[in-house]
Amino acid sequence: MELYNTVIRQAEELGGSSAPRRYEYDPARAWEDPGEFELVMLRDAAYELGGGSHSAVNFTCVTTSPALVEKDEILLYGPDLGELKADSDYVRITLLRVGDIESDDEDDTEQAFRAIQNMDFVKYRVFPKGYMIRTSSESNREQVRISKEAVRSGISFERIGDDFIRQYKRDPNVLAVKLIFITAPDADYAGARKCAKTAHDITMSLTKILEGMPTDCGSCSLKPICDEVEGMKELHFGKEKHTTE
């Protein structure tokens, strides 16, 4: 699964001028997760990530390349949760290395794409204590409200990342997870939004390809993404050939 590789290569270029802080995955340090949604009232909040007019970008990409996602780790560009004093721009990027989930068989191919969707849905099953997540899949936004109590208790992106990775690693298809958090003032938030849209369009295109698409590129709504993403056009026509034989 290499369709997202171009987006993945761009991901670490979005964080701004400073080198990231890197943390190895340690499940023992994962932030407490009650396993259910916790409401953080505005009066109890220290600040919001992506609050108000601030950027709040989230996207997930999948690859089979060890060079792009070598190991389980967390990268942070910008201030940590204990260092922020007010609402901030925010990006969370999840890069997943998976096993061979593709096949020439039509039913197995469909299962592979469903597997990608299931991996992305993990974000709806992570509930860090004092870290209220509001996600919109349509707009690729993820806004987070942080409680004052969580800040006092030492919440950090490292420990939140450990919680996310722990949840992703429950899927046997996931071999490694690179989680990128961005709050840097000079980060490329416009670029992050563009990457998020491209990743979303790839996933949506895969769904449409499975349903069977015409081979007339001039009349196909997928043409822009096929032209941009290496391998998409081959997948499209390969699927069409398979379904018409």
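A nonpolar core is here a set of buried Ala, Val, Leu, Ile, Met, Phe, Trp, Tyr and Cys residues joined through side-chain atoms within 4.5 Å, where buried means under 20% relative accessible area, exposed over 50%, and partly exposed in between (1.4 Å probe, protein chains only). The legends describe a predicted model, in which local features need pLDDT of at least 70 and side-chain atom pairs count only at pLDDT 80 or more, while totals for chains, interfaces and linings use all residues. Residues are numbered from 1 along each chain as its sequence is written, and side-chain values use heavy atoms, with hydrogens and water left out.

**View 1. The protein chain as a whole.** The secondary structure comes to seven helices and eight strands; helices (H or I, at least four residues) and strands (E, at least two) are DSSP runs, numbered from the N terminus. Of the 245 residues of the protein chain, 51% count as buried, and its accessible surface comes to about 11600 Å², of which 48% belongs to carbon and sulfur atoms. Accessible areas come from the Shrake-Rupley method with a 1.4 Å probe, and for residues only the protein chains shown count as cover. Among contacts (heavy atoms within 4.5 Å) with a separation of 6 or more, 85% are accounted for by residues 24 or more positions apart.

**View 2. The largest nonpolar core and the surroundings of tyrosine 131.** The largest nonpolar core has 62 residues, and those with the most contacts inside it are Tyr4, Leu49, Phe59 and Tyr131. When neighbours within four places in sequence are left aside, the residues in contact with tyrosine 131 include Leu49, Leu81, Tyr90, Val144, Ile155, Phe157 and Phe181, as well as Arg145.

**View 3. Aromatic pairs.** Three aromatic pairs are found in a search of the whole structure; rings of Phe, Tyr and Trp (its six-membered ring) pair if their centres lie within 6.5 Å, and planes under 30 degrees apart count as stacked, over 60 as edge-to-face and the rest as tilted. Tyrosine 90 and phenylalanine 157 form a stacked pair, with 6.3 Å centre to centre and 10° between the planes. This pair links distant parts of the chain, as tyrosine 90 lies in strand E5 (residues 90–98) and phenylalanine 157 in helix H4 (residues 157–168), 67 residues apart. Tyrosine 90 counts as buried because its relative accessibility is 0%, and phenylalanine 157 is likewise buried, with a relative accessible area of 0%. The rings of phenylalanine 121 and tyrosine 124 have their centres 6.1 Å apart and their planes at 50°, so this pair is tilted. Phenylalanine 121 is partly exposed, with a relative accessible area of 39%, and tyrosine 124 is partly exposed at 35%. Ring pairs also link Tyr90, Phe157 and Phe181 into a cluster.

**View 4. Salt bridges.** The structure holds 15 salt bridges, a salt bridge being a side-chain nitrogen of Lys or Arg within 4 Å of a carboxyl oxygen of Asp or Glu. The side chains of glutamate 48 and arginine 134 meet in one of them (2.9 Å, N to O), and the pair links distant parts of the chain, with glutamate 48 in strand E2 and arginine 134 in strand E6 (residues 131–136), 86 residues apart. Glutamate 48 is buried, with a relative accessible area of 9%, whereas arginine 134 is partly exposed, with a relative accessible area of 33%. Glutamate 73 forms a salt bridge with lysine 178, the closest N and O atoms being 3.8 Å apart. Here, too, distant parts of the chain are linked, since glutamate 73 belongs to strand E4 (residues 73–77) and lysine 178 to strand E8 (residues 174–182), 105 residues apart; both glutamate 73 and lysine 178 are buried. A further salt bridge joins the side chains of aspartate 120 and lysine 123 (3.5 Å, N to O), of which aspartate 120 counts as partly exposed at 22% relative accessibility and lysine 123 as buried at 7%. Salt bridges that share partners join Glu12, Arg22, Glu73 and Lys178 into one network.

**View 5. A nonpolar patch on the surface.** Phe37, Leu39 and Met41 form a nonpolar patch on the surface, with about 300 Å² of accessible area together. Patches are made of residues with over 30% relative accessible area and no salt bridge, like charges being joined within 9 Å and nonpolar side chains (Val, Leu, Ile, Met, Phe, Trp, Tyr) within 5 Å. Leucine 39 has its place in the loop between strand E1 (21–24) and strand E2 (45–49), and leucine 39 is exposed, with a relative accessible area of 56%.
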